[in-house]
Every structure is written in C-alpha cells, then in structure tokens.
Amino acid sequence: MHSILRDCRNGDLAGLMEAAKAEGMTPEALAGNIAAGRTILLKNARRPYTPCVIGEGARVKINVNIGTSGQRCDPAMEIEKANAAIANGADAIMDLSTGGDLAAMRKEILKLPIPVGTVPIYEAVRRAGNVIDLSADLLFKVIREQAEQGVDFMTLHCGVNLEVVETLRLDPRVMGVVSRGGSFHTAMMLASGEENPLYAEYEYLLEILDEYEIALSLGDGMRPGAYVDSTRLAKSQEYLTLGKLARVAHARGVQRMIEGPGHMDYNEISYNVKMIKEITGFAPLYLLGPLVTDIAPGYDHITGAIGGAAAAAAGADFLCMVSPSEHLALPDTKDITEGTRVAKVAAHVGDLSRRRDAELPRQAAMAEARRTLDWEGQYALSLFGDHARAVHDRDGACETCSMCGDLCAIKIVEKALEKKI
C-alpha cells in the first residue's frame, strides 16, 4: 500500500500539513479525501519537490506535456520549455519524448522541482523497434526502469482491452483511435489476437506501482479525437472498464486518477465529467481539453481552455495544457508559455465555481484596486501581472487606461457622485 494512503487511513497527518495548508484545507479533510480515493497526493521520497494535491477539495491543477519527437529532437529546448511551463504556473510535467536518448532526456527532466509523469509504452515501442514486436515483458521492464528512475505518475492504458476494441467495429468512428498509447495497444491486440498485457496482468502492474509508490493515471485510450465522434460507443465502454480498474487499484492501496475525453460538444462536458466520476468512485479526473470544436487549428489552446473551464467547474481536477500548435507541430517555448497561461486561466475559472468562498477575497481585492485605479495592486493580484503591466504601459504613463483616457467611466461617476454629495 502506498505510504500516503496508509498514513491517511491510520490517521497519521504529519505528512499532510504543508499540502493541506497550501490548499486551504484542514489536514483531517485532506486525509479523509485521500483515504476515500477522491484525492491523490504526489509526493515522491526519491525527489524533492513541493507535494501536489489533485482531487476533491483542492485547487484545479495543470499538467504540461513536453518531450522530443522523431521529427524534432532538441533536449535543451525541451528543458527550456519545461522551465517556461513551471514559470507560468504548471503543477506537473509529463515527458512524452519519443526521439533521441529517452532515458537521458528523462534524467534531465527529473531534476526539475515538480512532479513528472511518463507514458512508458512510448519508450517500450522505440526499444522494440515497432509496436507489433513489443512484448509484455519489455513493456513491464520499461515501467519498472522508469519507476526506479524516480517518475511520480504514469499514464497506462489499461482500459484499452479486446472488449473496448470490439466496440470500434460495432460503432465505427471517423478518427478511429487518436491516443498514441491507445493506438499502440490496439495495434498489438489486433496483430496478436491477445489481450492488452496491462489489463490481463493488472494485478502485477499494481504490484510494481505499489513497490515504487507511483501514482497510476488510467489512460483514456479511446478518447474521441473528433467532434463528430464524441458520442460513439468506445469512449463509454472504456469508462466502464476504467471504473472497475480504478476501484481495484484503490482497494490495493495504489493512488490513481482517471484520464478523460478529448473532443466533444460543450453541452456534453458536464455530463461526461459527472459520469466518469460516478463510475470510477469519484477518483480524481485528469483531462486534455476537452476541445469543443475541430475547426480552430492554431487556436486549440483556446478551444481546450473553454472546454477545460467547463470541465473543471463540473468536477475535473487536473487539466492538461493544450498548446497553440496542437494537431499541427511540436510546441516551441512560446507555444508552451501561451498554452500554460491559458490553461491556468481555465483552471482558475473552475476554481471560482468549486471554491467560491476561498477565491472570492482575491476577486474583491481586484475590484477595489480597479475602482481606485491602483495599478500596482492590480498587477499584484493578476495571474500574470508582468504581462498586464506591459500592456498597460505600452502607450506611456496614464492614470487610467489608454482606451478610456479622460472618459474613464469610474472617474466620471465618482466625480458625479461627489457633486451630488
């Protein structure tokens, strides 16, 4: 059993004080949520970083994906991107590298002061040469090696099994399988006719994750990759499988979270979030987007943030940043900065809905700073104060903003009220 789960179930709160304070929770409330499986705490004894709480009662967190590709392999740029993400509010980093020396790349990323996740099947496929030749033994070997290296959480597509793949035949989708990990497992099963080893040997997988205290992120291998596929059967079938797997992991004492849907109509988001939560025993929910339209390439960080805000308000706990280059290219540092900031805004919108009482004082302080034209106060309260300052100052010194100038609504009404009094 993971030590944090054991401590919470035994009422030992010593390891929760810092995390609870950061979330504005009592240690007792946090321990109760962790023990119930509604919240997880990323806290790896192998690496020093501030513990990260994901789940019920906590602030909505942000993950940022980085990593090399076969097309563009620049490890220095990936570290630069990771540092840009952290500087702009990322709570976790995932290394999705598929090009170059993957172990060396991961070693550098693991030096960062933040939780780090991976998708082990990416490295396993590279080492096998192709997905058809990937064996269960190699896949589990890679999982163990990455655990030994100090990874904090892993995306593992345990729910992509033969039953789920059959639903693709029963209810075909335009985009098929868009999850890279999901596609690997699907191809393996279709080629061999055998079950996904992560599903067939799930108990063994949990033993490894328990030994190294790795949080399990149950991957959404059947997430819809197109707006028109959002109501197809495969996604919902996977939800049911993940629900069972999530409950087994929690019963075995392994912290876990669930990964959620990709592309869907805005009006479907709340329903899907609540359905996943119920099916999985209210496990923390981690999702990409959801992207609410497919026809804004170059602005998918916006379509993802719109969906992410709605999802967070409905109960999603962990948003995966979508960059402006999503579906187009490997993100550069500028893309990571912009995508992280937009995701941070989306997470904050979700927090306002879920933690209104905790967030309201900052909103009230901003209203007062705006009323008094206190620009320094506004910058201090802003999510990205330096950017706000740069925008305000670009037209030179101005008591108001340069759009209103001497026609400032606030000043006009204040003067009118003074005359009345």
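**Cavities, pocket and local contacts in the predicted model**

Helices α5 and α6 (120-128) each supply at least two residues of the lining of the second largest cavity. Helices (H or I, at least four residues) and strands (E, at least two) are DSSP runs, numbered from the N terminus. The structure is a predicted model, in which local features need pLDDT of at least 70 and side-chain atom pairs count only at pLDDT 80 or more, while totals for chains, interfaces and linings use all residues. Residues are numbered from 1 along each chain as its sequence is written, and side-chain values use heavy atoms, with hydrogens and water left out.

Cavities and pockets were found on a 1 Å grid over the protein atoms alone: a cavity is a set of points where a 1.4 Å probe fits but cannot get out, and a pocket is an open set with protein on both sides within 12 Å along at least five of seven lines; lining residues have an atom within 4 Å of a point. Grid points are joined across faces, edges and corners, and a volume is the space filled by probe spheres set on the points. Lining residues are classed as nonpolar (Ala, Val, Leu, Ile, Met, Phe, Trp, Tyr, Cys and Pro), charged (Asp, Glu, Lys and Arg) or polar (the others, Gly among them).

The search of the whole structure gave three cavities of 30 Å³ or more. The second largest cavity has a volume of about 60 Å³, and the residues that line it include D95, L96, R106, Y122 and Q146. By class, this lining has four nonpolar, three polar and three charged residues. For the largest cavity the volume is about 80 Å³. Residues in its lining include G289, H301, L319, C320 and G339. Elements α14 (300-314), β10 and α15 (333-354) give two or more residues to the lining of the largest cavity, and α14 has the largest share, with four residues. The lining of the largest cavity divides into seven nonpolar, five polar and no charged residues.

The largest pocket has a volume of about 1,000 Å³. Its lining consists of 42 residues, with N65, L96, R223, L288 and E326 nearest the centre. At least two lining residues come from each of β3 (61-66), α9 (180-192) and β9 (285-288); β9 gives the most, with three residues. The lining of the largest pocket has 19 nonpolar, 15 polar and eight charged residues.

Five aromatic pairs were found in the whole structure. Rings of Phe, Tyr and Trp (its six-membered ring) pair if their centres lie within 6.5 Å; planes under 30 degrees apart count as stacked, over 60 as edge-to-face and the rest as tilted. One of the pairs, F153 with F318, is edge-to-face, at 6.3 Å centre to centre and 65 degrees between the planes. F153 lies in strand β6 (residues 153-156) and F318 in strand β10 (residues 318-320), so this pair ties together parts that are 165 residues apart in sequence. Both F153 and F318 are buried (buried means under 20% relative accessible area, exposed over 50%, partly exposed in between, with a 1.4 Å probe and protein chains only). Together with Y286, F153 and F318 form one aromatic cluster.

Arginines also lie over aromatic rings. A charge sits over a ring if NZ of Lys or CZ of Arg is within 6 Å of the ring centre and within 35 degrees of the ring normal. R180 lies over the face of Y122, at 4.3 Å from the ring centre, and R38 over that of F282, at 4.5 Å.

F282 is in the loop between α13 (269-279) and β9. Its phi is near 60 degrees, a positive value in a residue other than glycine, and at 34% relative accessibility F282 is partly exposed. E213, in the loop between α11 (202-212) and β7 (215-218), has a phi near 55 degrees, again positive in a residue other than glycine. The peptide bond from G289 to P290 is cis, with omega near 0 degrees, and P290 is placed in the loop between β9 and α14. Most residues other than glycine have a negative phi, and most peptide bonds are trans.

A disulfide is a pair of cysteine sulfur atoms within 2.5 Å, and by this rule the count is zero. The sulfur of C401 is 4.0 Å from the closest cysteine sulfur, in C404, too far for a bond. C408 is likewise in no disulfide, its nearest cysteine sulfur, that of C404, being 5.8 Å away. C401 is partly exposed, with a relative accessible area of 28%, whereas C408 is buried, at 7%.
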